[in-house]
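This report is meant for a reader who is new to the structure. It begins with a pair of helices and then turns to a single helix, the chain as a whole and its cores.

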Amino acid sequence: MRPRRPAPPPPASFCSKYASRRSVLAHGLAFCTVPGAAPLAAQGFAGLGTEASGYAAPDRSPLVFPRDHGAHPAFRIEWWYLTANLTDAAGRDLGLQWTLFRSALRPPDPGAAEASWQVPQIWLAHAAVTTPERHLAAERFARGGVGQAGVRPAPFAAWLDEWRLAAPGADLPPRAPTPGTPLADGSGRAATASSAPPGATSTGAADDPGTTGTSGGDALDRLTVAASAEDFAYDVALTAEGPLVLQGEAGYSVKSPEGQASRYYSQPFYRAEGVLRLPEGDIAVTGRAWLDREWSSQPLADTQDGWDWISLHLDTGEKLMGFRLRDRARAPFTSATHIAPDGTPTPYSDGALTLTPLRTARVAGRDVPVRWRAELPAQGIDVTLSAVNPQAWMGLAFAYWEGPVRIEGSHAGRGYLEMTGYAVE
Amino acid sequence: MTRTALAALLSHWRRRPGQLATLLMGLALATALWSAVQAINAEARASYDRAAGELGLSGLDALVRPGEPLAVVDFVALRRAGWLVSPVLEGRVAVGAGPPVSVLGVDFLSAPPGALPAGLAGLGEGEEPALLFTAPGVAFAAPALAERLRQAAPAGWPEIRADAAVPPGQVLTDIGAAERMLARPGEIDRLLILPDQPRARPPLAEVAPGLVREAGREQGEIARLTSSFHLNLTAFGLLSFAVGLFIVHGAIGLAVEQRRGTVRTLRALGLPTARLVALLLAEVVVLALVAGAAGVALGYVIAAALLPDVAATLRGLYGASVPGVLSFDPGWAAAGLAMALAGALVAAGQGLWRVARLPVLEAARPRAWATVSGRALRRQAGAGAVLLVAGIAAPLVAGGLGAGFALLAGLLLGAALTLPLALSAALALGAARARRPLTQWFWADTRQQLPGLSLALMALMLALAANIGVSTMVGSFRLTFTGWLDQRLAADLYARAGSGAEAEAIRGFAEARGAGLLPTAEVEARLDGAPGTIRGITDHPLYARSWPLLSSAPEVWTRVARGEAALVNEQLARRAGLAPGDPVGLGPGWALPIAGIYSDYGNPRGEAMVALPALQARFPQAVARDFGLVAPAGTGADALRAALVAETPLTEGAVIDQAHVKQISLAVFERTFAVTGALNVLTLAVAGVAMLTALLTLATMRLPQLAPVWALGLTRARLGRLDMARSSLLAALTFAAALPLGLAVAWALLAVVNVEAFGWRLPMHLFPRDWAVLLALSVAAALLAALVPARRLARTPPAAFLKVFADER
């Protein structure tokens, strides 16, 4: 079954350009859907395995908020990635995605003008809505230097055009904020394991005032997310019901045995409430949302061609983040973080999590696994994930699969699945 | 047997290489002219299709701030409000010694893919985004300009890439590089509104007050406007092809006649007729393919040579951008070959038919082509008369350009068919008046030859008539156009303001100097439902004095100045059937009575003129950017120009004097007809060749007719001179028939085709001096064509004459 609505045609010129040049953006995930284009095998997909000379390398320094909610232009790629599992009044499973990607075309030049067309930063946004019957997706592009797109740490606002993930009522700065400059108030706090629970920042904790620009909580605690396209739009309020969670080792997430890594933290505890505007009408929805923040300069090894990534909201209140990086040269590299209902993360390194494809579907000329088994014995998790809509194909300039899943087995619940690098046959 | 027969048939060509060359050349020429026209048309159409598919920057609606550039913050504000817009920054910049270069800056990231030239290689595979989007950037230009810029580009310019997809004279680059090249940081000229917009957006007035939405140029307009031009070219191509076919017909007919003996012998030796015809057919096919291939190659060369002129014409006349470089399309090459093949078969048909019906035992006497009886002549002339009548009736019955061309075709073909009868009648008249025996023989013999020469003479007449018609049309147009330019370009200087500040500077300057000022503004609008332009003018006595009105109502200029009436150009008036006093729709809810109709040559679109304040009341974006300046008494235009450039921020390029505008307009005009002229000359040349082949054909067959005259005492040299005289006489008679036909063609072009194609009617002027030249040329061509056979005749050994009597006949 194909999506009823054909995917929006990618701007072919840029698509092929980026794909061929392997510069770009991406969620580690995206590569171009030029018909017949082979996956960029030689360099890992979407160029994420390419040499990153001149860019900053991820280190293990403490993350500081709200500063690190903002952009890190010295790194090559970065994203603000929100997914939401929603239900309408009839109990239908629905999905929502809002993603902002930043890609540096070259390392920032300290002497260059900060506001100009020629600032070497490109932004890309993806928005999608998935229902059991259809999957609607759209994308936008923007130059980095004029204010068309950007991220301000506090009050938090991430935007591209009118697409926005921002604190309610926040006005946008007139132009792009100066990248990388410290906040005026100099606030920010290392989210190290000094406070319990280890690895989690106790956002909203009454004993920790003044750590953010908002009253008593993190800048990401209350947000609204909005996007609109030709055939759909949404407007959803997000309220965090738990702390930020640092992935990997205090936000340092290893991606390969060679040590490729990224900085990675999440806010998986959003309660979501809002409206999806679809061709058939407006739908009031509620549910759970998960925000991922990640930046790096060379997150993948050059033999890694794609990945399968999950974020699961289990009915027990636990959360599970896991990914499997497929490798041409050896067994997949897996990683997982189990998140207790109070936000306590337990990272698991390669091999602890097993992800097994159970069934594939024909999607956009590819065989893509849409039913999976996920096993994390250390936490007694053994579940089956099945796509709400197997045709949740993001047929954009960088095409990938991203959609909501239902969870059955040792635990029940809902989550999001993302798969990249599946080649056209 | 077959091989022997083939060798026997082919040996003919070995013995007469000149004849083979004529045949091949005729067919190649005909194919070449036809393919050249097709190639040019195909190239132009392909570029229109590309343009239509691409939308093009001008095809999209855009947001502008009247009189001022926009800023990047406007772009950002609209984008953040959900208006998907893409910035454009344009300008001209001087580079080195050559003409200024126009720079087009777009945001390569947000520009709609269809708005950029398709096939812009640099934006596809293989360009580093980092190079495109960051300093110094990458710019694309047509190869010639790219070469020039590489040597002369100022420091800090982007890297120049040659790309044939970019229109000549333009540099396409990212807006980040363009704002530096034009020294206009942070400015935007217009914001294109992309075709696909999100579901809901706040109204424009809320997001960006003060911005005005400008309608994009309608798609498909270029193709519609230029269709007449291409039809013109096609008609010429067909004419050349038809004339070329006369040559082929002559050459093949000659070959068949001369091989009668061979054919009879082969048949007598037992070769079946079918095989013989098949062999001859195969020969024709091979010859056609060889000549056709050469013709297509030659056509490509001709097209490539003519295309820059055609491209310049299309750009100057219609604003259509056609690359000056021809791409090879197998489609038209195949079509050219097919035309050559079909043409050769048609031309050979008669000869093959004759061979098929040749009685085996018929005496192999060489004879002139079948003597056409008077009845056949009359029948042909009757058909011609029918065609003439049908042609003349076409514009009366049906409208449109097609009817115009039907009229032309009817006139030309009908007249050509009646020509032999007319010539025969003229010769009979001559014979009736002749008293001396030799003169009587001369007239009778000329009449006897008429059937053999008639095809060539018809070709000659077609070429002559087309030549007279076209040159009369072009000449009339040139006279009218020059006079009209003098009237219309009454101001001394024309200045274009790039911004409101520059406009203010021009106003201040004119006031201080006491110079007359004629500001005008233009907006795109729908005039009586079709896309066109409304021009806003200010009241000035110069208009009443000089503006070329074709018809007007009383108090025309006063009423226009008061905003109570509009003027429309002839094109619009004709298209919409408007006359002074009728109302003309100038946009939604706005119509004004027409006070006058003005001639507007060279402009294919409808146009209306209203008072500037009235225009601005309806279209706030109509800001006067163009200014005519009239030098005060005692000041020369040059001095005024120098002062204007010195005292205002205007650049040299923004101020043009009247003489220069005229020069540019006339140059556009000349280029428009350069192609027509070239095709005209080529057609005439082809007709000359047709004449030559026909005479050559006849010369070899006329020996039996000449031998008795020679035997009676006329020298061979005298016979040769008489033949030359005969050719001149026929050419002169043909010219006499072609002249009225040519004038009729000119009238049809001016009064029917031009009106349909361009929307203007021109007065017809006559150019008797051109006719004299043409007469001299055609007689000279006939003499030249007769020279070779006449010399051959003069040198024919007496034995050959004697053999006529000795041989079995």
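Two residues are in contact if their C-beta atoms, placed from the backbone, lie within 7 Å. Helices (H or I, at least four residues) and strands (E, at least two) are DSSP runs, numbered from the N terminus. The model is predicted: local features need pLDDT of at least 70, side-chain atom pairs count only at pLDDT 80 or more, and totals for chains, interfaces and linings use all residues. Residues are numbered from 1 along each chain as its sequence is written, while chains are lettered from A and ligands numbered from 1 in the order in which they are written.

**A helix pair**

In chain B, B:Leu703, B:Pro704, B:Ala707 and B:Trp710 of α22(B) meet B:Ala800, B:Phe801, B:Val804 and B:Phe805 of α25(B). The two axes come within 9 Å and cross at roughly 105°; axes are lines fitted to C-alpha atoms, for helices over the stretch in contact, with angles from 0 to 180 degrees between N-to-C directions. α22(B) is therefore roughly perpendicular to α25(B), a term that covers angles of 65 to 115 degrees.

| Helix | Residues |
|---|---|
| α22(B) | 703–711 |
| α25(B) | 798–806 |
| α15(B) | 500–513 |

**Helix α15(B)**

At 1.5 Å a residue, the 14 residues of α15(B) should span 20 Å, and the end C-alpha atoms are 20 Å apart, which agrees. The expected span is 1.5 Å times one less than the number of residues.

A residue is buried if 20 or more other C-beta atoms lie within 10 Å of its own, and exposed if 12 or fewer do. The buried residues of α15(B) are B:Glu502, B:Ala503, B:Ile506, B:Phe509 and B:Ala510. They cover an arc of only 125° around the axis, so they sit on the same side of α15(B); the arc is that of the directions from the helix axis to the C-beta atoms. These buried residues pack against β11, β12, β19 and α20 of chain B. The face turned away from them carries the exposed residues B:Gly508, B:Glu511 and B:Ala512. After α15(B) comes B:Gly514, with a positive phi near 70°.

**Chain and cores**

Chain B has 25 helices and 20 strands. Of its 809 residues, 47% count as buried.

A nonpolar core is a set of buried Ala, Val, Leu, Ile, Met, Phe, Trp, Tyr and Cys residues joined through C-beta atoms within 7 Å. The largest holds 157 residues, and A:Trp123 and B:Leu191 are among those that touch the most other members. Strand β5 of chain A gives this core its largest share, seven residues. Apart from it lies another core, of 71 residues, including B:Leu411 and B:Ala459.

Key:
Parallel < 35°, antiparallel > 145°, perpendicular 65-115°, else oblique.
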